[in-house]
Amino acid sequence: MEEQNLQAVITLINKIADGEYAPPEPEDVAEVNRLTGRDWEAEDLWLICCEYWSHNSLEETAYQLIHGDLPAVRETDLAFWRAKSGAVLDAAAVYLKYCTGGAMKALEALPLEEIMAAVQALPGWKAEDEKDRRFDCEEQAEYWSDTHFWVFPYGKDGAVQMVRLSCHNMSDEQIQTLVALMAQFDCSEQYREDRTID
């Protein structure tokens with residue numbers, strides 16, 4: 001039933017989310033319940049469908065309606081920088097400082113354009129356009145997996161000093177590919193944060 005009804009469930013999620021200021025029509029609730037084999041209430045269905053605009057992907061929302069809960073999601077943040085000669089830094093403190101808008105004189109500038117060109121050349125990943133910093137896996141393991149990563153540059157005075165890769169549902173092998181790519185720019189992995197969200 002899951003694969004057979006998936007596209008119809010996705011269509012209804014979009015319809016319900018588009019009417020974000022009003023709960024779904026009773027016939028839409030009945031159709032979602034028929035397609036998923038569940039007994040969703042209009043208010044719950046409305047909240048779940050509107051959530052995907054800001055929190056969950058469309059695919060994860062479809063999984064939730066079909067299975068009753070969101071799939072487990074693996075989030076990994078990787079941060080890369082090069083310290084200037086002689087600098088002794090606490091990695092967690094550097095990461096936090098840059099992620100909250102700060103900067104440090106102890107880090108060297110990174111070649112962001114070259115890094116982005118290398119990321120764009122990775123086989124099996126695509127971005128919407130050249131300026132997009134979100135890269136989606138072309139072959140998802142499951143329809144709901146929504147495997148992607150974002151590239152976030154941080155720095156000061158127009159120079160990029162830290163690159164953070166925010167990875168969503170990526171395997172260890174995929175993450176290692178990114179670590180190896182950054183090593184080409186003399187940037188070893190400086191900070192890593194892993195989370196599993198059930």
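Select R34 and E31 to begin: the two residues are three apart in helix α2, and so they are separated by about one helical turn. An α-helix has 3.6 residues a turn, so residues three or four places apart point the same way. The model is predicted, so local features are given only where pLDDT is at least 70 and side-chain atom pairs only at pLDDT 80 or more, while totals for chains, interfaces and linings use all residues. Residues are numbered from 1 along each chain as its sequence is written, and side-chain values use heavy atoms, with hydrogens and water left out.

**Helix α2**

With the pair still selected, display the distance between the closest N and O atoms of R34 and E31, which is 2.8 Å and belongs to a salt bridge, a term that stands for a side-chain nitrogen of Lys or Arg within 4 Å of a carboxyl oxygen of Asp or Glu. R34 is exposed, with a relative accessible area of 54%, whereas E31 is partly exposed at 28%; buried means under 20% relative accessible area, exposed over 50% and partly exposed in between, using a 1.4 Å probe and protein chains only.

Next select the whole of α2, residues 26–36; helices here are DSSP runs of H or I with at least four residues, strands are runs of E with at least two, and both are numbered from the N terminus. Its buried residues are D28, V29, V32, N33, L35 and T36. They cover an arc of only 165° around the axis, which puts them on the same side of α2; the arc is taken over the directions from the helix axis to the C-beta atoms. Turn the view to the face directed away from that buried side, and the exposed residues P26, E27 and R34 are there.

Now select N33, which is buried with a relative accessible area of 14%. Its side chain reaches the backbone nitrogen of W40 at 2.7 Å, a polar contact in the sense of a pair of N or O atoms within 3.5 Å, where within protein one must be able to donate a hydrogen and the other to accept it, and residues adjacent in sequence count only if both atoms are side-chain atoms. Leaving aside neighbours within four places in sequence, N33 is in contact with R38, D39 and W40, contact meaning heavy atoms within 4.5 Å. Between the helix and these residues, stop at G37, which follows α2 and has a positive phi, near 70°.

**Strand β1 and its partners**

Move to strand β1, residues 73–80, where seven of the eight residues are buried. β1 pairs with strand β6 (residues 189–197) in the antiparallel sense over eight bridges, and two strands count as paired if DSSP finds at least two bridges between them. Select A79 to find Y191 of β6 opposite. β1 also pairs with β5 in the antiparallel sense, over six bridges, and here E75 stands opposite H168.

Because R164 lies in β5 (residues 159–168) and D77 in β1, the pair ties together parts that are 87 residues apart in sequence. R164 counts as buried at 13% relative accessibility, and D77 is buried at 6%.

**Further salt bridges**

Select R192 and D194 last, a salt bridge with the closest N and O atoms 3.0 Å apart, in which R192 counts as partly exposed at 33% and D194 is partly exposed at 43%. Salt bridges that share partners also join R134, D136 and D146 into one network. A search of the whole structure finds nine salt bridges.
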